[in-house]
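Subject: Structure handover

Hello,

Here is the structure I said I would pass on. My notes on the overall fold and on one residue follow below it.

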Amino acid sequence: MWGRTNGLRVLELGAPGDMRTWLTDLVLTGRKKATAGLLELDYHAENEELEHVGEHLALIDDSGTHAATVEVVDVVLLPFAEVTWVFAESEGEGYDTIDDWREAHSRYWRDKGIAVDDATTVVCLSFRLVSR
């Protein structure tokens, strides 16, 4: 998920392939303004620091190209069960309810080998598109 390009930390969304292309396009069209990660999987396991408000990140598309720059506007750590609908909706992925969001994210992380329960710490990262 992380690395550096043009002096910025890299943000790669979702799994490579169609999912990454779809999520990147959602950012580029302004629909996706947030993403969720797991503190253990995406930060501790990769020895990566949390983002900070005001930090610019290089959004990398599926081909490895710097597709856009985003600015972090909020970083909140929450137990999985406490992620809000407001945050889930800001991910722009078309969920109808918070339960839909929880099911899709639980399944995504389970497919990556991580069992998520209500207490699992989620990093709720909100951002704004700065440039394409």
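In this predicted model, 43% of the 132 residues of the protein count as buried. The exposed surface comes to about 6800 Å², and 49% of that is supplied by carbon and sulfur atoms.

The protein is built from four helices and six strands. Read from the N terminus, the order of the elements is β-β-α-β-α-β-β-α-α-β. The radius of gyration is 14 Å, close to the 14 Å given by the globule rule for 132 residues, so the protein is as compact as a globular protein of that length. The C-alpha trace spans about 35 × 30 × 25 Å along its principal axes. If we take the contacts between residues at least 6 apart in sequence, 69% of them join residues at least 24 apart.

The residue I would point you to is Arg102, which lies in helix H4, residues 98-111. What is the nearest side chain of opposite charge to Arg102? That side chain is Asp99, 4.1 Å away. The cut-off for a salt bridge is 4 Å, so the buried Arg102 has none.

The side chain of Arg102 does reach a backbone oxygen, that of Phe80, at 3.5 Å.

Regards

Note on methods
Residues numbered from 1 in each chain as written. Predicted model: local features only at pLDDT ≥ 70, side-chain atom pairs only at ≥ 80, totals over all residues. Heavy atoms only, no water. Helix = DSSP H or I, 4+ residues; strand = E, 2+ residues; numbered from the N terminus. Buried < 20%, exposed > 50% of the residue type's maximum accessible area, 1.4 Å probe, protein only. Lys, Arg positive; Asp, Glu negative; His and termini not counted. Polar contact = N/O pair within 3.5 Å; in protein donor to acceptor, adjacent residues only side chain to side chain. Rg over C-alpha atoms; globule rule 2.2 N^0.38 Å. Contact = heavy atoms within 4.5 Å. Areas by Shrake-Rupley, 256 points an atom, 1.4 Å probe, with all protein chains shown as cover.
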